[in-house]
Amino acid sequence: MTHHAHGHRPGRSPISASAIPARVLSAAAVLLLVGLAAPAPAAAASPSPSPASASASASASTSATATAARPSADGRIPWPGGPLSTVGKLIWEAGEGRLGLCSGAAVEAENGSVVVTAAHCARPRGEVGAAWFVPGYDRDWSSFREDGWRVRSVHVPAGWDPYGPMTEVMAHDYAFVTVEHKDGRSLQDTHGASRLRFAPVPEQGEVTALGYPAAGPHDGEVLHYCAGPVRVLGPGETSRAYRGGLLLKGCDMNEGSSGGPWLWDFGPDSGRAGTVIGVTSAGNGTGALLGRPFPEAARSLFDTAQRQDLSAVPRDRRRE
């Protein structure tokens, strides 16, 4: 990635369960679900790193056709079909030997190389070095650079500022990431992709939110999910920062799940990669998960990402 932001490592926002009934999500009761971890030793076959911290400031699969029944939908157990080739982990070098951790998903694009995630994952606080998207990530830190698709560029809305107040920036917590080709092939050609839908989003049926939660009791090593009815938050139930966001209740996913896709028309027995209607943006620590949809104004940003020419080698990579 080519952006460089610097700042202190912020602490966690206070969590207030009492804020839930009156105001589903408030600025005093929200966590941006990005994780930081120390990289595992290269010799470890299946390491389980523990997240070092989480930022609380604007900081299919093997195949999508698994047929296992869903015994739970609250984020506490892994996705029953195993890893999905269209969903993965976004990993970046965060300085001081640490790695930043988020989730993301490949979406259909002209260049076949676009991943959706949260803006606070694509452009977080702190140091940001090289980054990779690892589709179908499953329990192996040792080869994420080899298995991953290196990030060429990130595309965040003009309203996103990792150092800005939540009341001003949370409506812009979505991003498109363009990744490089590997061996002459695109991410989409190799692993598939989900469709992308811009707002307004359907408030009907069940939505499945997927991600890699990395704070206890999770370890960030396997794909987890939550599923249930979703609704768009209105003025009477939340602060201005979260209006227009998508609410999913009863979800235990935490740090590391940010940027994960919210899929409509999708399930372990659907045989489809689904449609991404938003990405995980924040949670309140007591089971309320906030998704951020892609507004109509995001189309031009997506066009920039999907039309980027990936044929030339970046200047800073020519000596690698």
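Mentor: One term before we start: "partly exposed" sits in between buried, under 20% relative accessible area, and exposed, over 50%. By that rule Glu296, at 46% relative accessibility, counts as partly exposed. Keep in mind too that this is a predicted model.

Trainee: OK, so what does Glu296 pair up with in a salt bridge?
Mentor: Its partner is Arg299, and the closest N and O atoms are 2.6 Å apart. Arg299 is partly exposed as well, because its relative accessible area is 39%.

Trainee: How many salt bridges turn up in the whole structure?
Mentor: A search of the whole structure gives 9. One of them is between Arg307 and Glu110, with 3.4 Å between the closest N and O atoms. That pair ties together distant parts of the chain, 197 residues apart. Arg307 is in the segment after helix 6 (299–306), and Glu110 is in the loop between strand 6 (98–107) and strand 7 (114–117).

Trainee: Why does Arg307 count as exposed?
Mentor: Because its relative accessibility is 51%, and exposed means over 50%. Glu110 is exposed too, with a relative accessible area of 56%.

Trainee: Which residues are in a network with Glu110?
Mentor: Salt bridges link Glu110, Asp303 and Arg307 into a network.

Trainee: And what does Arg195 meet in a salt bridge?
Mentor: Asp265, at 3.6 Å from N to O. These two also come from distant parts of the chain, 70 residues apart: Arg195 belongs to strand 11 (residues 195–196), while Asp265 is in the loop between strand 16 and strand 17. Arg195 is partly exposed at 34%, and Asp265 counts as partly exposed at 31%.

Trainee: Switching to strands, then. How does strand 16 pair with strand 12?
Mentor: In the antiparallel sense, over 3 bridges; strand 12 covers residues 206–211 and strand 16 covers 261–264. Val207 has Trp264 in strand 16 as its bridge partner.

Trainee: How many bridges join strand 16 to strand 17?
Mentor: 4 bridges, and those two run antiparallel. There, Trp262 has Gly278 in strand 17 as its bridge partner.

Trainee: Last one: is Ser186 buried or exposed?
Mentor: Buried, because its relative accessibility is 5%. You'll find Ser186 in the loop between strand 10 (175–179) and helix 5 (187–191).

Trainee: What does Ser186 touch?
Mentor: Leaving out residues up to four places away in sequence, Ser186 touches Asn111, Gly112, Ser113, Trp149 and His181.

Terms used. Residues numbered from 1 in each chain as written. Predicted model: local features only at pLDDT ≥ 70, side-chain atom pairs only at ≥ 80, totals over all residues. Heavy atoms only, no water. Buried < 20%, exposed > 50% of the residue type's maximum accessible area, 1.4 Å probe, protein only. Contact = heavy atoms within 4.5 Å. Pairing = 2+ DSSP bridges. Salt bridge = Lys/Arg side-chain N within 4 Å of Asp/Glu carboxyl O.
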